[in-house]
Amino acid sequence: MPRKASGSVVEPKDGRAWAIRFRAYGKRHYVALGTSEEGWTREKAERKLGHVLADVDRGIWKPEAPAPDQASDTEPTFHEFASEWFEGISPELRERTRTDYQWRLSNHLLPYFAKHPLSAITVEEVDRYRREKVRESKAVAAARQQQLALPKKDRKRLARPLSNGSINKTIRLLAAVLEQAVEYGYLDRNSARGRKRLLKEGKPNRTYLQPEQVTALLNAAGQLDTEARKGDTGRRRPLLATLTLAGLRIGEALDLRWRDVNLNERRLRIAAAKTDAGIREVDVTPALQGLLTEYRDRSPYSRPGDFVFPTSEGKRDNPSNVRSRFMDSAAKLANADLRAARREPIPDVTPHSLRRTFISLLLAAGADVPYVMAQAGHNDPKMTLGLYAQVIASKTDHGAALDGIVAASDWAATGSEAKNQAVTTAA
């Protein structure tokens, strides 16, 4: 006579879910139920265990399929394994990489795979995850379009939809976690590895500005600084000018402190970066030197340890604030002037557009590739040469225009003077 089914309730520890453990048909089974926040209690878990054991005795119990909530006593869930994996590699990661991995895990991989035992993450399940991310992205994009149709005062700030490239990054991180699971013997193969698991990524639209567009953008930013409310730091034009004329990444610019800026020697130092090549000294142009000197003299945060471009409270600003509040507003104002002068308006601009502008102007002005790489913090000449080919293919005389932008632009001009100058220069 077969042994009567038996089991027990497993209380949650370290944020894990309530679960039940039992024997069925000669094998041990482990089924995660849910967290206390989701309404699970010992009493509710015991009732669930009783129902399951009754089904086992009647021979009608079957594991759920797919079974993300089922795991054996020895097989960890993805949440358990990924947490240990991340803890193990964290000391070797740079801070930005660590933050990026946490974002991919916490916001995307764990909400979908957390309760899956490793063996349940099949090729089919990875493809199902990919399709779910695409659906989510389309839904977010549609919601954003609906918000844009509303009056500005009624709009809600929504997350940006994930690009195919961002979705692929989460899948690549999943593959990295599962690769260790293969090495440890939990899996026979890595189901997230391979090109077939990834979405097709369109060729990115790598925009950069023409010199006359730079002039209009910076002068528009200066006008916004003069019109800002009392207590504003007036950092729009100095920040956008630093991105354009020094080629800093947005994170590098927002991390910059005054102790890293030597205006007398016209140099600034990037002390922390994504790569070793990113740790560098950057030359400051005479125009940028004058602008930053004027900005430092009026800034309430000019001590060596202060951020160069802080919020009004002196704290580190964030990239989304720069994009949504500073760049978009300055580009909109600049485009009104450019269109009035019958000039090409600024395309969709991002902080990285200004970095590419810096590189393109240096290349077109005759700077050699090693120097440009050192200034930009590139460790791969293909990145620099790729943009070089784009500049060469352009019919614009960047060299002559670069001479014009430095000579014609008065970086200390503000308010209406800056606005009038943008139209004059563009004309």
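Predicted model: local features only at pLDDT ≥ 70, side-chain atom pairs only at ≥ 80, totals over all residues.

Colleague: Fine. Where does R266 lie, then?

Modeller: R266 is in the loop that runs between β5 and β6.

Colleague: Is R266 buried, partly exposed or exposed?

Modeller: Partly exposed, because its relative accessibility is 35%, and the range for that class runs between 20% and 50%. Its backbone is worth a look too: phi of R266 is near 55°, a positive value in a residue other than glycine.

Colleague: What do the strands on either side of that loop do? How do β5 and β6 pair?

Modeller: They pair in the antiparallel sense, over two bridges. If you want one to click on, N262 has R267 in β6 as its bridge partner. Strand β6 itself covers residues 267–270.

Colleague: And what is the strand order of the open sheet?

Modeller: β5-β6-β7, three strands with antiparallel pairing.

Colleague: Which strands stand at the edges?

Modeller: β5 (261–262) and β7 (280–283). Each has a single partner strand, so one side of each has no neighbour in the sheet.

Colleague: Remind me, what do strands of a sheet pair through?

Modeller: Backbone hydrogen bonds, and the pairing can be parallel or antiparallel.

Colleague: Let's step back. How many helices and strands are there in the protein chain?

Modeller: 15 helices and seven strands. The chain has 427 residues, and 43% of them count as buried. As for contacts between residues at least 6 apart in sequence, 64% join residues at least 24 apart.

Colleague: New topic: the helices. At what angle do the axes of α6 and α10 cross?

Modeller: Roughly 120°, and the axes come within 8 Å. That's helix α6, residues 211–227, against helix α10, residues 319–340. The two are therefore oblique to each other, and the crossing is right-handed.

Colleague: Which residues make the contact?

Modeller: On the α6 side, E212, Q213, A216, L217, A220, A221, Q223 and L224. On the α10 side, S329, A330, A331, L333, A334 and L338.

Colleague: What does the contact of α6 with α10 have by class?

Modeller: 10 nonpolar residues, three polar ones and one charged one.

Colleague: What about R342, where is its place?

Modeller: In the loop between α10 and α11 (351–364). R342 counts as exposed, since its relative accessibility is 79%. Here too the backbone has a positive phi in a residue other than glycine, near 60°.

Colleague: Is β2 mostly covered or mostly open?

Modeller: Mostly covered. Strand β2 spans residues 18–24, and five of its seven residues are buried.

Colleague: And what does L49 touch?

Modeller: G7, S8, V9, I20, R21 and F22, again not counting residues up to four places away in sequence. L49 is in helix α1, residues 42–58, and L49 is buried with a relative accessible area of 9%. The C-alpha atoms of L49 and V9 are separated by 7.3 Å, although these residues are 40 apart along the chain.

Colleague: One last residue. Where is G251 found?

Modeller: In helix α8, residues 250–255. G251 counts as buried because its relative accessibility is 14%.

Colleague: Which residues does G251 touch?

Modeller: R96 and R316, not counting residues up to four places away in sequence.

Colleague: Great, that gives me a list to click through.

Technical notes: Residues numbered from 1 in each chain as written. Heavy atoms only, no water. Axes fitted to C-alpha atoms, helices over the stretch in contact; angles between N-to-C directions. Helix = DSSP H or I, 4+ residues; strand = E, 2+ residues; numbered from the N terminus. Parallel < 35°, antiparallel > 145°, perpendicular 65-115°, else oblique. Left-handed = near helix turned anticlockwise from the far one by under 90°. Contact = heavy atoms within 4.5 Å. Nonpolar A, V, L, I, M, F, W, Y, C, P; charged D, E, K, R; others polar. Pairing = 2+ DSSP bridges. Buried < 20%, exposed > 50% of the residue type's maximum accessible area, 1.4 Å probe, protein only.
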